[in-house]
Amino acid sequence: MRLEPPRPALAPPLGPEDHIYGPAEAVVELVAYGDYQCPHCHTAHPITQSLMEEFTGQLRFGWRHFPLSKIHPDARNAAMAAEACGDKFWHMHNLLFTDTGKLSRENLLQYARQVQIDPQTVIAAWDQNRYGELIRRHIASGLRSGVNTTPTFYINGRRHNGGFDKQTLTAALLQAIAEKSTASARQNPPT
Amino acid sequence: MKNTNQGSQVGFVAPDFTLPEAPGKNWTLSQTLGRPRVLVFYPADFSPVCSDQLTIYNELLDEFKRFNALLVGISVDGTWCHKAYSQSRKLEFPLLADFEPKGMVARRYGVYRNDDGFCERAIFVLDAAGVIRWRYVSPIEINPGADGILHALESLTINNVQA
């Protein structure tokens, strides 16, 4: 008998502390726990970008940090640099995924300049471990939510157990949209 | 076909064993009494799912230390293979070689896959006295992550406080 893997819930759900891209009223929510130095996350990034375009208005995307620091020694610095960019977070996030492996401190400061953030802000964040507690909370929430690799995706609050190729993710998002429509129809039957 | 062994069930004292953790160096379960132990059986060094699974545990060693827990990995690979694998993934916990007689410990824990010749992807959480408090056998292709282990370790802590 083939056992179905469990689909743990995202805990906590997306909230004010999270970086969220897309409309609040979106019917489907995709959340990724990831690591800027992880090659699989680099593979997934253009796929999620493409999905955001295809599901415009229907999809919102959230990102939580899950740096695997022992095998990816630059991932934590990169996560802090992204946080230090404040409202330029998504711009920085995209830059961090443009060039696999180029995440030295100098590279990260260069990216900060590109998004018009004073490099001293990033240096101060590193020196003061300013986002260390936030990253720890992301990792802790990932553990509670059943993160088992990077990237790990959640669709409408449930872990996505399939692959993260575009076809698989598209099918999973469409299914989530259909399930939500069905649930909504049950709650609001036609009169 | 799986082996079954009642002694490897929750509530029983975990079967004691000695396995090599490095060439010329042995690791014995009963010599680690007094702290929770997490035994992680996995199919094979260098396999993709095992690598994801063990990488996550490696990142979480500080979390396990909060519970004073000791984590070890066990597979049927030999010590030299373990050494190469451990170095390649920068693992900071022991990998035990259930190599000869092949899968002897996995069989005693009821998690040897006779048809495949390697272990199930199975986790045992033992309390400080060596009693199995949580046991989970994952579908072989699914990385079970760490949440189950952490819940089990938390339960041990809560039970200790209540006792």
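**Exercise 1. The largest pocket**

Find which residues lie nearest the centre of the largest pocket in this predicted model, and say what kinds of residue line the pocket.

*Solution.* 
Step 1. Start at the centre. A:Asn148, A:Thr149, A:Asn161, A:Gly162 and B:Asp52 lie nearest to it.
Step 2. Widen the view to the lining, which has 19 residues.
Step 3. Sort the lining residues by type. Six are nonpolar, ten are polar and three are charged.
Step 4. Look for the elements behind the lining. Strand E4 (152-155) of chain A and helix H1 (48-59) of chain B each give at least two residues. The largest share, three residues, comes from H1(B).
Step 5. The largest pocket has about 430 Å³.

**Exercise 2. The largest cavity**

Work out how many cavities of 30 Å³ or more the structure holds, then describe the lining of the largest cavity.

*Solution.* 
Step 1. Search the whole structure. One cavity of 30 Å³ or more turns up.
Step 2. List the lining. It is made by A:Ala32, A:Cys41, A:Ala44, A:His45, A:Thr48, A:Phe61, A:Trp63, A:His93, A:Phe97, A:Pro151 and A:Phe153.
Step 3. Helix H1 (39-54) and strand E3 (59-65) of chain A each supply at least two lining residues. H1(A) provides the largest share, four residues.
Step 4. Sort by type. Eight lining residues are nonpolar and three are polar, while no charged residue takes part.

**Exercise 3. A hairpin in chain B**

Describe how strands E1 (residues 18-22) and E2 (residues 25-28) of chain B pair, and look at the turn that joins them.

*Solution.* 
Step 1. Find the sense of pairing. E1(B) and E2(B) are antiparallel, with four bridges.
Step 2. Pick out a facing pair. B:Leu19 is opposite B:Trp27, which belongs to E2(B).
Step 3. Count the residues between the strands. There are two, and the strands form a hairpin.
Step 4. Check the turn. B:Gly24 sits there with a positive phi of about 80 degrees.

Methods: Residues numbered from 1 in each chain as written. Chains lettered and ligands numbered in written order. Predicted model: local features only at pLDDT ≥ 70, side-chain atom pairs only at ≥ 80, totals over all residues. Heavy atoms only, no water. Pairing = 2+ DSSP bridges. 1 Å grid on protein atoms, 1.4 Å probe; cavity = no way out; pocket = protein on both sides within 12 Å on 5 of 7 lines; lining within 4 Å. Points joined across faces, edges and corners; volume = space filled by probe spheres on them. Nonpolar A, V, L, I, M, F, W, Y, C, P; charged D, E, K, R; others polar.
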